Every structure is written in structure tokens, then in C-alpha cells.
Amino acid sequence: MSYITFKEVSYRVQGKNLFQNVNLALARGSFTTLVGANGAGKTTFSKMIIGMVKPSEGTVLLDQKNVNDYKMYEIGNKVGYLFQNPNVQIFSPTVREELGFALKYKGIAETVIEAKTEKMIDRFMLRHTLETPAYHLSQGEKQRLALATILMNDPTYLVLDEPTTGLDQKRRQVLSEVLQQIHAEGIGILLISHDYAFIRKMPTDVLSIQNGGIAYETGF
Ligand SMILES: Nc1ncnc2c1ncn2[C@@H]1O[C@H](COP(=O)(O)OP(=O)(O)OP(=O)(O)O)[C@@H](O)[C@H]1O
Ligand SMILES: [Mg+2]
């Protein structure tokens, strides 16, 4: 069943049609990569999924319901969104506080939060950063922290906007393994990436944005 559905979606910006009549269904648990040139509209498209950008025409459904009819936190519980720039995402002074923030706010027991936090610190190789103020982390560390923080929420679906930017070969490999694990656990993924070497390693369908339309790439 479709988890994210675009119905006849068009989007205009500054008199230009960025998208024209897009129809698309992404299944629960699917793994899809979105490719396209700089400025093609990848980020704009992905922000429509979480209701941050509203279509000029048409509808975006999330879990069978118009995304506009959800409250912000309800969307956050369904879709974890990793921004192209992780600086906009991290706002706690320390790595531990950042990881625990959302669950603490939800009233989850401290011991549960601690156990989960420890797991994420190991999974995302953040232990050496625990004494570092979050704003001093490197780009790659911030990206890993942002992704770990999103996963603390147990989302059904993940959207990642160019997560390999600023990662070296080793970190890229680790991210590729983490995404495959996450997918194997049943979480759906929409990955935005230009990085074909990275994409090829993963069990993903590839969607391409071109001239305002979105289509699956065949023979990938
Ligand atoms: N709020 C806005 N106001 C004006 N123009 C916008 C706005 N948002 C996006 N655009 C324009 O829409 C186009 C698509 O932008 P978008 O960021 O979605 O592209 P992208 O495919 O993610 O590019 P990149 O590969 O550089 O990240 C660009 O030409 C951008 O300048
Ligand atoms: Mg972008």
C-alpha cells in the first residue's frame, strides 16, 4: 500500500513550473533514490512530503491522509527528515541532550532514553564527541548526530537530502551500511543523492526529476 502519494501535483515558483502534474506512490518500507541536476527541485519535492512546501495544485498524502491535515509533531512521528544542511537541525548544547530531547519531551522513561542513546552513540560513532559542544562538531559528525536523533523517534519513513555531502570514503561506507540496516528493519527510505557510486551499493529504485516530471530510471 502506498505510504507517500503524490496526486496530480504541480508546483510553481517565480512564474516557473518546477513540477507539472506529478503522480507517484511510494510504498511503506520501500527504498527509493531521487536524482536530478542542481536546481531540478529535489529538495522542494522532498519538503512537500512533510508539508513544509505546499503544492500549487494537487495533493500529497502521507499514510493515506492529506499531509496538510496533520499536526507538525504527527508528521515528525511518521517521517524523519534529514536536511541538506545539518546545522539547521541541531539545537541542543550536547550530543546526549540532542539525542534525548524528543523522547524526553514525550515523557518516555529516563532509563529507556539512556539505553537508546547509548545504542545510537555506538551505531553512529559519536562516543568521542560526548564532551564536545554540538556546534563544534565536524560536518560529518553533525550529519551523523542529526540522523541518529531522527532515528531515536522510530519513524516509519526516512527522507535524507544528500546525506553523503562532506563525508569521506569511510564514513560514506558506514552510512551505506546503516541505511541498508535501517531498510532491512522495515523503515522506508527516500534518499536524495547525486552520488552514483554510493547509490549503486544499495537495494534502491531510482527516480529522476527532469523537466518538471518524475520518472523511474530503467536499467539502473
Ligand atoms: N522558496 C523559494 N523561492 C524561490 N525559489 C525557490 C524557492 N525554493 C526553491 N526555489 C527554486 O526552485 C528550484 C529548485 O530548488 P531545489 O532546492 O528544490 O533544487 P535541488 O534539486 O534540491 O538542487 P540542489 O541539487 O542544488 O540541492 C531552484 O531553482 C530554486 O532556486
Ligand atoms: Mg537540494
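A: Of the 220 residues in the protein chain, 32% count as buried. This is a predicted model, where local features need pLDDT of at least 70, side-chain atom pairs count only at pLDDT 80 or more, and totals for chains, interfaces and linings use all residues. Residues are numbered from 1 along each chain as its sequence is written, while chains are lettered from A and ligands numbered from 1 in the order in which they are written.

Q: What makes a residue such as V95 in helix α3 "buried"?
A: The label takes 20 or more other C-beta atoms within 10 Å of the residue's own, with C-beta atoms placed from the backbone. In α3 (residues 95-105), V95, E98, L99 and G100 are buried, so each of them meets that cut-off.

Q: What covers the buried residues of α3?
A: The cover includes α4 (110-123) and α5 (139-152).

Q: Why does the radius of gyration of the protein chain agree with a compact globule?
A: The rule is 2.2 Å times the number of residues to the power 0.38, with the radius taken over C-alpha atoms. For 220 residues that gives a value near 17 Å, and the chain has 17 Å, so the two agree.

Q: How do you know which residues are around ligand 1?
A: A residue is near a molecule if its C-beta atom, placed from the backbone, lies within 6 Å of it. The residues around ligand 1 include G36, K42, T43 and Q84. Helix α1 (residues 42-49) gives the most to this shell, with three residues.

Technical notes: Helix = DSSP H or I, 4+ residues; strand = E, 2+ residues; numbered from the N terminus. Buried ≥ 20, exposed ≤ 12 C-beta atoms within 10 Å, placed from the backbone. Contact = placed C-beta atoms within 7 Å.
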